[in-house]
Amino acid sequence: MPDADLPTLPVTWAPRRNRAVLLPVSGLIVVVFVTVALALPASWQLNDRAALITTGLIFAGAGAMLARPEVVADADGITVVNFVRTRRLHWAQIVRVNLRQGDPWVTLDLADGTSLAAVGIQPGGGREQAVRAALGLRDLVEARGAASEPSAAR
């Protein structure tokens with residue numbers, strides 16, 4: 001495959017619609033909970049107000065966590081950022097890129113026999129966009145993974 005067909009590195013894939021909704025909503029949740037906590041009648045205790053604000057921060061944190069996923073490809077490999085964990089992979093570690101009908105996101109088959117969800121590429125934001133991203137990542141894996149394997153002549 002000619003390099004002209006490969007995505008230009010570095011490239012980042014992320015569910016942008018999710019972020020566009022989740023981050024503002026998370027900020028709005030904090031504002032609403034703080035406003036309600038401050039507007040409560042004087043009979044409410046300080047610890048009740050603090051609990052309400054803390055609850056808003058927890059909800060906002062969950063929203064921010066759901067907005068985290070992305071897949072970043074560069075010359076050395078990819079970084080997979082999922083909801084809680086981040087994992088760095090070299091090109092040779094990735095055997096296959098999978099996105100089957102009905103899958104919620106891309107799955108990477110790894111050389112050690114395990115698989116890794118790449119939540120940053122998901123059809124929830126548009127099936128066509130996810131398929132293009134998965135194909136681009138697959139092409140990079142095929143081109144870069146083969147190039148980084150040790151030569152049999154050595």
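Visitor: What volume does the largest pocket have?
Guide: This is a predicted model, and the value is computed from its atoms. Among the 15 residues that line the largest pocket, Ala14, Pro15, Gln129, Ala130 and Ala133 are the closest to its centre. The volume of the largest pocket comes to about 200 Å³.

Visitor: Which element gives the most to the lining of the largest pocket?
Guide: At least two lining residues are supplied by each of strand E1 (11-13), helix H1 (16-39) and helix H3 (127-148). By class, the lining is made up of six nonpolar, six polar and three charged residues. With four residues, the element that gives the most is H3.

Visitor: How are H1 and H2 oriented to each other, roughly parallel or roughly antiparallel?
Guide: Two packed helices are described by the angle and the distance between their axes. Here the axes of H1 and helix H2 (residues 46-66) come within 8 Å and cross at roughly 180 degrees. Angles over 145 degrees count as roughly antiparallel, and therefore H1 and H2 are described as roughly antiparallel.

Visitor: How many residues of the contact of H1 with H2 are nonpolar?
Guide: On the H1 side the contact includes Leu22, Ile29 and Phe33, while on the H2 side Leu52, Ile53 and Phe59 are among the residues that take part. Of the residues in this contact, four are polar and one is charged, and the number of nonpolar ones is 16.

Visitor: What pattern does the chain follow when read along the sequence?
Guide: The chain has three helices and seven strands. Taken in sequence order, these elements give the pattern β-α-α-β-β-β-β-β-β-α.

Visitor: What is the radius of gyration of the chain?
Guide: The C-alpha atoms fill a box of roughly 80 × 30 × 25 Å along the principal axes. For 154 residues the globule rule gives 15 Å, and the chain is well over that, so it is more spread out than a compact globule, with a radius of gyration of 21 Å.

Visitor: Which residues are joined by a cis peptide bond?
Guide: Most peptide bonds are trans. In the segment before E1, where Pro10 is found, a bond with omega of about -5 degrees is cis, and the residues it joins are Leu9 and Pro10.

Technical notes:
Residues numbered from 1 in each chain as written. Predicted model: local features only at pLDDT ≥ 70, side-chain atom pairs only at ≥ 80, totals over all residues. Heavy atoms only, no water. 1 Å grid on protein atoms, 1.4 Å probe; cavity = no way out; pocket = protein on both sides within 12 Å on 5 of 7 lines; lining within 4 Å. Points joined across faces, edges and corners; volume = space filled by probe spheres on them. Nonpolar A, V, L, I, M, F, W, Y, C, P; charged D, E, K, R; others polar. Axes fitted to C-alpha atoms, helices over the stretch in contact; angles between N-to-C directions. Parallel < 35°, antiparallel > 145°, perpendicular 65-115°, else oblique. Contact = heavy atoms within 4.5 Å. Rg over C-alpha atoms; globule rule 2.2 N^0.38 Å.
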